[in-house]
Amino acid sequence: MMNFDGLDAGMGDYSPSLHGTLDAGLEPSMDPHLNPNLLQGVELDPEGLAVTVPEPVHLMEGMFSELHSVVSEVGIPVTATHFDLQEEMLWMGNHRGHATSFFGPTMGRYSSFQVHGADDIRHIQSLETGVLFLSKCNLKCYTRGGLVMFDYPMDEGADMHSLLMTDNNTLLMGGLQNYAVEFDLNTVQETQKFNVEVPGVAIMRQTSRFFFCGHTSGKITLRDLRSFKMEHEFDAFSGSLSDFDVHGNLLAACGFSSRGLNGMACDRFLMVYDLRMMRAVTPLQVHVDPLFLRFIPTYTSRLAIISQTGQCQFCEPTGLANVADIFHVNTVGQLLMSFDVSSSKQALAFGDSGGCVHLWSDAPEVSFNDYSRETDFALPCLVDTLPQLDWNHDLLPLSLIPMPLTSTEPLLSDWPTALATPSPRRAPPVDPEILRTMKTVGFIGYAANPRTRPRNQVPYKIKDVELDYDNYNQVPESPIGRDEEPHLYMVPKKYRKVTIKYSKLGLEDFDFKHYNRTLFAGLEPHIPNAYCNCMIQVLYFLEPIRCLVQNHLCQKEFCLACELGFLFHMLDLSRGDPCQASNFLRAFRTIPEASALGLILADSDEQTGKARLGRLIQSWNRFILTQLHQETQEQEGPQAYRGASSSSLGSSGESAIGKLFGCEVENSSLCRCGKETVRSSLTLLFTMHYPEQNSQEKTIKEYDFAEILKKSICLEQSTQAWCENCEKYQPTVQTRNIRCLPDVLVINCEVNSAKEAEFWKVQAEYAFNKVMQKEAMEPAKPKEPPPMPTEWCLDGEEICSMEGFTFDTQAEDLRHVWIPLTLKMSISKSQGLEITSWPEGEELSAAEEAEGASLYDLVVTVPHVLDARTGGNLVAHIKVGETYHQRKEGVTHQQWYLFNDFLIEPIDKTEAAQFDIIWKVPAILYYAKRNYHTKYDLRIKNPIDASVLLTEASLARKQRKSHATFIPLMVSEMPQAGDLVGLDAEFVTLNQEEAELRSDGTKSTIKPSQMSVARITCVRGQGPNEGVPFIDDYISTQEQVVDYLTQYSGIKPGDLDAKISSKHLTTLKSTYLKLRFLIDTGVRFVGHGLQKDFRVINLLVLKDQVIDTVYLFHLPRKRMISLRFLAWYFLDLNIQGETHDSIEDARTALQLYRKYLELSRGGGNDEVRKILKGLYEKGRQLDWKVPDSDTGDGQGAAVFPSVMGL
């Protein structure tokens, strides 16, 4: 069913918006939508609501009559009905997402379960092993008994309506979006998306020639079975389409026609098309208002036409409709919502808006399928069939004799639930001393016993209180943390440290969508020093910085501004998939200042939690702003990589960082002698200073945040300083004043001790009590409805259901809140700096603006989430502004989000300002001047041009031109969009994999090995020089290599050392720029296993720019095939004999792609599939090993022609 416009007005009673507010616990008899007539003759019992059919039932052979009716949920519309194709069952789904199955013509209830919590069930499809249920944004598969087999969420914005099985393991899904999805049931993944020219695919059918798609616009399109391209189009109705069906060479459709200003009306003419001539034949006039139609071919091609009021008419599509062929479904005034025909054509099922399902049949002994398998039922009780017991046996346990309960007293063994609840003892954490001294061989660790506890004994501690603190949050816990972590019982799960679970496939089967249902990109946490991920996100969502670093490019090998620009480019391209900051952090580790400030952590510090992350991230915040200020000050504006002359590096000027964060500060130092010294400087951030508490005062005074902030900015303190007048160190009073207001005010909170934490806690309590008193003085106001989910959310679930207004205060939301969401700041000559809290939604008056006042909105808070065991983790609350939303999605919208590495979730604005000091300590605050970004140029001009591909000198001192393995591109050879480039990369290992061996013998990867790219090769993919390399760079590295992987990479010790290498050695940045230019140009990369290559290189490449031969020559649910075996089988090449050579591998991948195109053109997809089956058969015979061939007699070529003949 597609469009209800023009139907009976009663259908409006079941609009989703209204129906979502119905109380789920309402008694059926109290349902406001229930027609009282529906309960006539209905017996309500807890097992099910069945309409009793009068006995005996007389059915006339060949004439359809009602056989049985049953009510699933009274008053809840039945939105989908389906006859099971394997068993004698009828399925129904209703508007509240509940599914029920009935067995056989007697309609006995078989199973009943909830499929979706909020959305209606729109389509049901039975399989061999289970049943598929399609809702608006989910596809779920259940067993017939109600156990979940899989739950697949759709993309953001999906509104699915129809489902079509194309073969046993593949299905198509369509809806009101502009694409249809092909889905593989074996891998539970989308295999491809087909764009649809006419949006709104709400009905799909299939024949041996075409897919048929019915659109909400009234059109029916005929599409190719392989490519889904549109072949023909029928413009059936001017208004909308309600249903259509195909049988033989005929297509019949019903729908609505436009009636000018009167909207749409149901059209009583059925459109009939002849599929042989692709044209319409005479329309068929019927006597009912058609809503559904189906071909019911028995002796002839009969059509069943059903109206919403329950009238059903049978007629021939090429004949005249007869009034005598009309029968009526007794819906007791309800409207029909769904309809289905059994595969045997003997039974019809109707679902109405009152929750009733009607079964009609043309035979008393009806069967839904021609050949149904036997249905499994629950096992009967076996108490009466117990074996006989031998009374004379001496060892017979008396407990085997069932004894009747004769007394009303409970049995002694009948323990109360509180005492009988199992409470498993969790394994204690490994002693930190063991972890510190442990030596790893392979994946097994060895350490001396520290003898801190008796051998083979574990202290047994019973946890007194289990607070179910975070049931409201359904974000799944990290797979590595397999216990509830009692030390985190106060912390909501979304704030806890998230960890990636690695399998033998690496990250391919880790579901990041569990943690991130937005289109923003998270950052992976397993890289060393990834504690700064939250601050990288903060900088990214400040629009001027995001644009500044992407426009920046310089010649320095390790430039954080350049690396941030490359990383931000990946974040721009990503559609919800996480990215890695590996190249940025690699450059970060080389900066001497970062090491001197203690910002580079050792692995042991990160794992054991010794790092004080709150203090560390504040130092990192100061460092990165200073570093970016210096690097962007050296070179302003987009300049070509090699076009920037060395003299420009010394040029000075104000950077965009200085304009954005900079604040001119006047520091005054006054000595006791009266000598005053004034110095001016630029500061990029301010640190909070808290008032000292006298030892006599037991209670902390109440302060306003704006007051503390003003004292911290205009700081006055006494200290010893050198006085030139006195010529010695003297006590001086130092005063700081600011001359201008920054666009973004950055504040380090400096809550580094228990004293400062207590100060925050007390001030938040003061603020909360003040709000409570104010609320008590004022009358209660209607509570605002919660924010609706943004269109970024992939799941369209409602955040909550409103039942009218609830008169309640919002004071509870402000607990633990001290900082205001908006500040008013101004500088006057008389008063100096003035800071006050300001109501969030209000604007300044014209007079206040004229005086130079500005409003600052809170846009970022970075808290430290405490965890005594691991040192905690850092997260960020970021207010994503309208400019970013407008640029990325074309909508104007503001929303706060939580960023916790790869976990991203929308949050309320008050949550961003809440700091429960027990587990959430403030570290960094950003306040931004309202509408500050309007004075910045937010355009991104890609600074990478074709000059990066030109000839460059090698870093290696011994490299000579005679050793060159590649020919750089000429100007005339510059690649164009769509050109092919063969690519291969080789890697070395920097850190070995960390794994644990579980008690069941399986290995679990805790931290994967850290790889670094060592060689990158690109070969020409077309033209007279096809196959000739134009890039063959060896990448110099300053980090220690633990394994050169020579057998697989061909890299030998010394190849990456500039002093002794004879290779063409370059920096990673230089080669990275070449690949970025090729990607930005739009070339298509051909290679084998490119996904891992791009991941280690730290590049994000769109899927349509990657041609991976590992997937071209692959069958579903089969193993991946090596490049060596494919080259031997298809090309008769024996490659990778002793070591790998990236030039050889890249050329081979190109040749394999040419071979694949040749096979596809020769026989199409079916022929390619046969060839791949032969390939797998040959591989199994040879155990996937290439036979030794000294003479090169072409064994592979001898095998391949025999396969071609299949």
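Tutor: Let us begin with a single side chain and its surroundings. This is a predicted model. Leaving aside residues up to four places away in sequence, Phe-661 touches Leu-542, Ile-545, Leu-625, Thr-683, Leu-684, Pro-742, Val-744, Val-746 and Tyr-926.

Student: Which residues have the most contacts inside the largest nonpolar core?

Tutor: They are Tyr-531, Ile-536, Ile-617, Trp-620, Phe-661, Tyr-926 and Phe-1085, in a core of 105 residues. Helix H6, residues 560–573, contributes the largest share of this core, with nine residues. Another core lies apart from it and has 54 residues, among them Met-688, Trp-760, Ala-764 and Leu-925.

Student: How many helices and strands does the protein chain have?

Tutor: The secondary structure comprises 23 helices and 56 strands.

Student: How is the packing of two helices to be read?

Tutor: A packed pair is described by the angle between the two axes and by the distance between those axes. Here, the axes of H21 and H22 come within 10 Å and cross at roughly 90°. Since angles of 65 to 115 degrees count as roughly perpendicular, H21 and H22 are therefore roughly perpendicular to each other. The residues of their contact divide into 14 nonpolar, four polar and three charged.

Student: Where is Arg-1117 placed, and is this residue buried or exposed?

Tutor: Arg-1117 sits in the loop between helix H20 (1109–1112) and helix H21 (1123–1131). Its relative accessible area is 56%. Because exposed means over 50%, Arg-1117 counts as exposed. The backbone also deserves attention: phi of Arg-1117 is near 65°, a positive value in a residue other than glycine.

Student: What is phi of Asp-1183, and where is this residue found?

Tutor: Phi of Asp-1183 is near 55°, again a positive value in a residue other than glycine. Asp-1183 is found in the loop between helix H22 (1142–1182) and helix H23 (1195–1204).

Student: Turning to the chain as a whole, what share of its residues count as buried?

Tutor: Of its 1206 residues, 49% count as buried. The protein chain exposes about 60,000 Å², of which carbon and sulfur atoms supply 51%.

Student: What share of the contacts between residues at least 6 apart in sequence join residues at least 24 apart?

Tutor: Among those contacts in the protein chain, the share is 60%.

Conventions:
Residues numbered from 1 in each chain as written. Predicted model: local features only at pLDDT ≥ 70, side-chain atom pairs only at ≥ 80, totals over all residues. Heavy atoms only, no water. Core = buried A, V, L, I, M, F, W, Y, C linked by side-chain atoms within 4.5 Å. Buried < 20%, exposed > 50% of the residue type's maximum accessible area, 1.4 Å probe, protein only. Helix = DSSP H or I, 4+ residues; strand = E, 2+ residues; numbered from the N terminus. Contact = heavy atoms within 4.5 Å. Axes fitted to C-alpha atoms, helices over the stretch in contact; angles between N-to-C directions. Parallel < 35°, antiparallel > 145°, perpendicular 65-115°, else oblique. Nonpolar A, V, L, I, M, F, W, Y, C, P; charged D, E, K, R; others polar. Areas by Shrake-Rupley, 256 points an atom, 1.4 Å probe, with all protein chains shown as cover.
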